Amino acid sequence: MAYQLRIPAILLLFGCLACDDDTGKNAGNTGICTDLDGLQTCWNTGNTNNQGILPVSVNVNSGAGAFLLTAFVTGDAYPSVEAIRSPEGSRELYWDDWYTSDYNLTAGILPLGNEMMINWPIRAEDPALSAGRYTVNVAVIDTEGYYQLGKSVTYYTQVKQDDSFSSGTVQARIVYVDDLGDNATITGATEDAVAIWRAIWSTYGLTLSVDYDTRPEVDAAIPSMTEGSEDISEISATGTDADITVIICDTVGGTTQIYGESGGIPGTLVEGRQSAVALSWITNAGGDGTFSTNDIQVYGETLAHEVGHYMGLFHPVDFNGNRAQYWDALSDTDECNTTAACDASLGENNMYPYPVCIGFNNCLDQQSLSTGQAGVLHRYTGAL
Ligand SMILES: [Zn+2]
């Protein structure tokens, strides 16, 4: 992935602007919580302490499988996770183990924008949850890498009371913007593509439940999901705390070169400016406004791929030119080194970064996932 802000975090050693030493603010305060379909969502606010850190408590009951933390700040401030500690006090995740690594585990450790999401655990090899109080230390820095003291953070913790990672249901809400929901070519192709997406996931024990909606007042040009927008926030707000919003639009990020984009790796289940996956119907139709059989296949694979990002999957490999530069943090996806080698070993993987096509309208099926990749999808807090 492209790191927009690969900057060192520098501790501000002098001065104390708007310090707030009330570090116990969130301790013991479970905030306002709601339950939906085995998913508990709690809302709270707090200020970073005199080291620029907000320790967030996540209360986990026995039988819980995973949690998702979403943090929002305003202004030129960037939240990211420094560490996750178990109820027993062991450090299960530390940012610096991954920050400059060639292996991508989660974007939650990167200060990328005003919104931060992290799901835990992520992989089968990460420690399973145990009952008790987890602590997630959220750091907030500014554009120069200085810690922000006394910075207000609004956050949501979501815990799924489901520790089965072999079967799960994901609720997706597909929203057509502008007048796209009135176009039978687009809605028909989308429904055919959803059938392909559903078939891809069913092989791995994931059931896909889809609702359809329209938002005619929203423009069909959706901005880059790394920036997001108020429109996206409003669209996601009309869903539930358990569903993933998928927006069908003309263009994402002002170009027809992008098939789709996820609002984070992982994305959140609560309302926010990045709380969706956006897909361009134009790009998925091959740019000619009509859907061939091959286009429908690519469209279905793109839906599974982008929602796969939203649920925490990285590309198994990312390239710089034709050399591999980054890999996912999973041990069962090939660590190939060139585009040619990777096309051969991973070209049929659903999370491969591009379609592998031999000539026009003749692309490889990209419908496979490794056991490790399926494990990440099942651990996402929205897979219930
Ligand atoms: Zn991708």
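Is His305 buried or exposed, and what is its relative accessible area? I found that His305 is buried, at a relative accessible area of 8%, where buried means under 20%, exposed over 50% and partly exposed in between, with a 1.4 Å probe and protein chains only.

I noted that this is a predicted model, in which local features need pLDDT of at least 70 and side-chain atom pairs count only at pLDDT 80 or more, while totals for chains, interfaces and linings use all residues. Residues are numbered from 1 along each chain as its sequence is written, and side-chain values use heavy atoms, with hydrogens and water left out.

His305 and His309 are separated by about one helical turn, because they stand four residues apart in helix α4 (residues 293-310). His309 is buried as well, with a relative accessible area of 7%.

Ser275. I then turned to Ser275, which is buried at 2% relative accessibility. Its side chain reaches the backbone oxygen of Val270 at 2.8 Å, and a polar atom of that side chain lies 2.7 Å from the backbone nitrogen of Gly272. Leaving aside residues up to four places away in sequence, I listed what Ser275 touches: Ile232, Ser236, Thr245, Thr268, Val270 and Tyr310, contact meaning heavy atoms within 4.5 Å.

Technical notes
Polar contact = N/O pair within 3.5 Å; in protein donor to acceptor, adjacent residues only side chain to side chain. Helix = DSSP H or I, 4+ residues; strand = E, 2+ residues; numbered from the N terminus.
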